[in-house]
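This report looks at charged pairs and at nonpolar packing in one protein model. Please have the sequence and the structure open as you read.

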Amino acid sequence: MGKRLYVGSLPFEMTDAQLQELFSACGRVESAKVISDKISGRSKGFGFVEMATETEAQAAIQKFNGSSGGSRNIVVNEARPMEDRKSGGGGGFRGNRGGGGGFGGGGGRREGGYGGNSGGGRREGGFGGGKDDFGASNRPRRDRGDGSHGGGRRSPDGESFGNRW
C-alpha cells in the first residue's frame, strides 16, 4: 500500500487529472483527488495524493512543498488519519442549569444554554424564540418544557412526552 499525502493551497481550477499528472513527476501515483464542495461542486483548494512507495512520497514532499502553483504556494505533507466528528451541538453560554445539546443547539436564556441559530427558549429551555431570546429564530415558540428535554412537554405526573416536531 502506498503513502497518502495531503496537498493544500491548490489552485481552485486544478482537476484530479492535473493533480495526478503533476505528482507523477516523482513516481507512480496510485490515486489523486481534489476535494470539492458537495453543494456547489467547486474545489475547496486541497486534495489527497497516494504515491506507490514511501520513497516516492518523500520525493514529492521535497519537490512540491512550498512550490508555486498559480497564485498560491502549495503545501504537501503526510496525510493524517481522519478524526471522528462528534454530532450534536449546544452548550456554549450556560445559565443556572446549563442546557443545550442536540440538533441546532437548544437551551434558553435562564436555565438553558445558548441556543444557536435554531434554539433558545426564553426561560426553561426548548426550541423556538421570542424577541428577547438568545439565538432566537423566526420560528414560532414551542412549548417550553422544563429545560431538561429541550422543549419537550410533560404530563401532569411529570413523565416526558419528548419533543414535538
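## Basis

This is a predicted model; local features need pLDDT of at least 70, side-chain atom pairs count only at pLDDT 80 or more, and totals for chains, interfaces and linings use all residues. Residues are numbered from 1 along each chain as its sequence is written, and side-chain values use heavy atoms, with hydrogens and water left out.

## Salt bridges between elements

A salt bridge here is a side-chain nitrogen of Lys or Arg within 4 Å of a carboxyl oxygen of Asp or Glu. The count by this rule is four. One of them pairs K3 with E54, at 3.7 Å from N to O. K3 sits in strand β1 (residues 3-8) and E54 in helix α2 (residues 54-64), so the pair links distant parts of the chain, 51 residues apart. Helices (H or I, at least four residues) and strands (E, at least two) are DSSP runs, numbered from the N terminus.

K3 is partly exposed at 23% relative accessibility. E54 is also partly exposed, at 39%. The cut-offs are under 20% relative accessible area for buried and over 50% for exposed, with partly exposed in between (1.4 Å probe, protein chains only).

A salt bridge also joins D16 and K33, at 3.8 Å from N to O. D16 lies in helix α1 (residues 16-23) and K33 in strand β2 (residues 29-36), so this pair ties together parts that are 17 residues apart in sequence. D16 is partly exposed, with a relative accessible area of 29%. K33 is partly exposed at 45%.

E30 forms a salt bridge with R28, and their closest N and O atoms are 2.7 Å apart. E30 is partly exposed at 42%, whereas R28 counts as exposed at 55%.

## Nonpolar core

A nonpolar core is a set of buried Ala, Val, Leu, Ile, Met, Phe, Trp, Tyr and Cys residues joined through side-chain atoms within 4.5 Å. The largest one has 18 residues. Within this core, L5, V7, L19, F23, V49, M51 and V76 touch the most other members. Two or more residues come from each of β1, α1, β2, β3 (43-51) and α2. The largest share, four residues, is from α2.

Which residues does L5 contact, leaving aside its neighbours within four places in sequence? Among them are F23, V49, M51, I61 and V76. L5 also contacts N77 and E78. Contact means heavy atoms within 4.5 Å.
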